Amino acid sequence: VRQHMKLFQNIKEKIENLFSREKTGSDEQKFDTARFLELVSEFEVKIKEELQFELLQVYYAPYAFGSGHVAYKIKGRNVQITYDGRDNAIGERPIEVSYSKPYAKFPTDGWIETKTYTLNEFWDAGVREILEKSKSRK
């Protein structure tokens with residue numbers, strides 16, 4: 001976990017130095033391309049006290065509005081968190097959390113449930129639901 005956090009922090013710092021703020025078209029709306037990396041770091045810190053997890057996959061596209069997804073194995077269930085930087089930039093619900101059935105093979109077995117959240121909803125309800133689902137194994 002510490003290695004992952006250091007890796008994300010290093011990537012985040014490099015990206016912030018290069019292009020953390022960009023303009024969209026002709027308007028002056030700015031968005032943070034490193035928000036996904038912050039989200040992953042904060043999420044791992046928040047759940048590591050209660051659950052053990054295994055990082056399965058990380059995909060990050062800084063030039064695509066900072067979008068990315070990360071997948072974990074948590075108590076036998078695959079959980080994927082997808083951040084859509086474009087949706088965040090236009091005020092939509094940028095975070096999608098997908099769950100597999102217990103003991104599904106990643107990534108071939110697919111997802112049985114998907115929920116979308118705003119950033120605030122994710123930190124309130126989304127993380128709580130991930131913790132509850134992982135503890136109940138249903």
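Five strands of the predicted model make up an open sheet with antiparallel pairing, in the order β3-β4-β5-β6-β7; two strands pair if DSSP finds at least two bridges between them. From one strand to the next the twist averages 15°, with axes fitted as lines to C-alpha atoms, for helices over the stretch in contact, and angles between N-to-C directions running from 0 to 180 degrees. Strands β5 (residues 77-83) and β6 (residues 95-99) run antiparallel and are joined by five bridges. Threonine 82 has glutamate 96 in β6 as its bridge partner.

Helix α4 (residues 119-136) packs on the sheet and touches β4, β5, β6 and β7, its direction making about 155° with that of β7. Helix α2 (residues 35-48) lies across β3, β4 (67-74), β5 and β6, and runs at about 20° to β4. Contact here means heavy atoms within 4.5 Å.

The protein chain as a whole has four helices and seven strands, arranged along the sequence as α-β-β-α-β-β-β-α-β-β-α. Helices (H or I, at least four residues) and strands (E, at least two) are DSSP runs numbered from the N terminus. Of the 138 residues, 42% count as buried, that is, under 20% relative accessible area with a 1.4 Å probe, protein chains only. Among contacts with a separation of 6 or more, 46% are between residues 24 or more positions apart.

Asparagine 78 is located in strand β5 and is buried, with a relative accessible area of 1%. Leaving aside neighbours within four places in sequence, its contacts include Leu56, Tyr72, Ser98, Phe106 and Trp111. The C-alpha atoms of asparagine 78 and serine 98 are 8.1 Å apart, with the two residues 20 apart in sequence. The side chain of asparagine 78 also reaches the backbone oxygen of alanine 104 at 3.2 Å.

Serine 134 belongs to helix α4 and counts as buried at 2% relative accessibility. Residues up to four places away in sequence not being counted, serine 134 touches Leu51, Ile74 and Lys75.

Residues are numbered from 1 along each chain as its sequence is written, and side-chain values use heavy atoms, with hydrogens and water left out. As the model is predicted, local features need pLDDT of at least 70 and side-chain atom pairs count only at pLDDT 80 or more, while totals for chains, interfaces and linings use all residues.

Notes: Buried < 20%, exposed > 50% of the residue type's maximum accessible area, 1.4 Å probe, protein only. Polar contact = N/O pair within 3.5 Å; in protein donor to acceptor, adjacent residues only side chain to side chain.
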